[in-house]
Amino acid sequence: MSFKNNKNIGNTALGVAISYFTNIDCCVSIPLNDTQDYDLIVDFEHRLQKIQVKGTSQKSRYGISIVHLNSIGGRYGKTYKTLINTDIDYLFVVTNDLIKYLIPKQDIKNKYSINLNKTYDKYIVNY
């Protein structure tokens, strides 16, 4: 799958996440605005979980997908927060190959990005 731009990556990833959780019989709630750290609230594993969704088409020179964990914005494109400093339970990642990862926040140690190498294969989800 090819993404046209960053907005398209985010919209596609959010749609895939909603589809994934719906298909595994979870109740999915969407916040009314985008000022919170999470993109979805999901009734998952018998409790409400806060999920941040990210999409990526970036790959390393070895063909490994890279997902950036920082949020950039404002007039000068500065980092204003990183995932490890947010109040979420899980990170849901969609690559341009449509590989989906559901990674518990406590298992993420990097501040700015992670390479989705074999270490993260245990977090790949399917439906």
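Me: How many disulfides does a search of the whole structure find?

Reply: In this predicted model, a search of the whole structure finds 0 disulfides.

Me: Why is the pair of Y20 and F21 called edge-to-face?

Reply: The structure holds 6 aromatic pairs, and in this one the ring centres are 5.0 Å apart, while rings pair if their centres lie within 6.5 Å.

Me: What makes the pair of Y120 and Y123 tilted?

Reply: Here the centres are 6.1 Å apart and the planes are at 45°; because stacked requires under 30 degrees and edge-to-face over 60, the pair of Y120 and Y123 falls among the rest and is tilted.

Me: How do you know whether Y120 and Y123 are buried or exposed?

Reply: Y120 has a relative accessible area of 10% and Y123 has 12%, and since the cut-off for buried is under 20%, Y120 is buried and Y123 counts as buried too.

Me: Which residues do ring pairs link into a cluster?

Reply: The cluster joins Y20, F21, F44, Y90 and F92 through ring pairs.

Me: Which residues touch the most other members of the largest nonpolar core?

Reply: This core has 16 residues, and those touching the most other members are F21, V42, F44, I51, V53, F92 and L102. Two or more residues come from each of helix 1 (6–23), strand 2 (40–44), strand 3 (47–56) and strand 7 (90–95), with helix 1 giving the most, 5 residues. A second, separate core of 13 residues includes L69, I88, V93 and Y101.

Me: What does V53 touch, leaving aside residues up to four places away in sequence?

Reply: V53 touches A13, L14, A17, D39, L40 and F92, each contact having heavy atoms within 4.5 Å.

Notes:
Residues numbered from 1 in each chain as written. Predicted model: local features only at pLDDT ≥ 70, side-chain atom pairs only at ≥ 80, totals over all residues. Heavy atoms only, no water. Core = buried A, V, L, I, M, F, W, Y, C linked by side-chain atoms within 4.5 Å. Buried < 20%, exposed > 50% of the residue type's maximum accessible area, 1.4 Å probe, protein only. Helix = DSSP H or I, 4+ residues; strand = E, 2+ residues; numbered from the N terminus. Disulfide = S-S within 2.5 Å.
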